[in-house]
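Biologist: Could you take me through the aromatic rings in this one, slowly and up close? I'd like to see how they pair up.

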Amino acid sequence: MKRFTALLIALLMLCLLVPAGVSAEEEKPFWITHFNNNTVEGSGVIFTDSYSGAGWWLHYAFAPTEEEGVYEIVDSSNGLADGSATALEIPEGGFVWAANTGNDYITLNPNDPTAVDYTSPNCSNCINDVLMSWMVGTLVKFNGLDLEGQTIPTTTADLNWYDDAYVCTATYTICEATAGDETEEPATSSEAESKAESSATISPSEPESSVAATSEAGSDAVEEDGGLSTGVLVAIIVAVVAIVAAVVVVIVKKKK
């Protein structure tokens, strides 16, 4: 009996040692090319000031959490397919990230020697990834995000952001609540996000007929299994504790 009691106490102590907060999953590239600019094509823009327009963009509003570097999505708007997006309010202490794929004007206007192709795999892949995993209530941890200094995270500042060789060094990871986290359940998104669909956009001043198609959505959406998360481990431990407790009760009854 004493052995079972000691085992039960040890398992309970192990549960208490599991830290509260959030655990992060796979790290992915985060497309940041500008701050507070709603006119650039093929871009990922951080808005810390109120803005307007950007109807053909994808928008997410982030509010800070108690975890450093972790933000919660509190609103979203997707106009990639039809230009119906609306500018979002900047959460206190947070920001809005908005992106658009841009147009390939070289293909649209082959006789124009000044035409520019604003599309790039870097931008399209990031948009496709977030469409597959971001919604209202999602917790996201960012690295390389400088809201105060508004420094663009890149090692290729000499290149245009729409060049295929341009490198953005910012990253993000999706987080999940762990044991002991007393935050409320994430709210359900008020808008159904388009997942696994090809995204397209045009610049605010261009007609809909000049939409440029992007790479197929979900090309980079499959994530490798990174092992058991903290939440799963906690669930396993709790289950083991419950089983041991049941065994102890049975043994005690038999001895009576």
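This is a predicted model: local features need pLDDT of at least 70, side-chain atom pairs count only at pLDDT 80 or more; totals for chains, interfaces and linings use all residues.

Modeller: Counting ring pairs with centres within 6.5 Å, we get 22 aromatic pairs. Let's start with Phe-47 and Trp-57: their ring centres sit 6.4 Å apart and their planes meet at 50 degrees, so this pair is called tilted. Now look at where the two partners come from. Phe-47 belongs to strand 3, which covers residues 44-47, while Trp-57 lies in the loop between strand 3 and strand 4 (58-64). That puts them ten residues apart, and the pair links distant parts of the chain. Both Phe-47 and Trp-57 are buried.

Next, find Phe-62 and Trp-134. This aromatic pair is edge-to-face, with 5.3 Å from centre to centre and 85 degrees between the planes. Here the partners are 72 residues apart: Phe-62 is in strand 4, and Trp-134 is in the loop between helix 3 (121-133) and strand 7 (139-143). Phe-62 is buried, and Trp-134 is buried too.

Now zoom out to the whole chain. It has four helices and ten strands, and 41% of its 256 residues count as buried. Among its contacts with a separation of 6 or more, 72% are between residues 24 or more positions apart.

How values were computed:
Residues are numbered from 1 along each chain as its sequence is written. Side-chain values use heavy atoms; hydrogens and water are left out. Rings of Phe, Tyr and Trp (its six-membered ring) pair if their centres lie within 6.5 Å; planes under 30 degrees apart count as stacked, over 60 as edge-to-face and the rest as tilted. Helices (H or I, at least four residues) and strands (E, at least two) are DSSP runs, numbered from the N terminus. Buried means under 20% relative accessible area, exposed over 50%, partly exposed in between (1.4 Å probe, protein chains only). Contact means heavy atoms within 4.5 Å.
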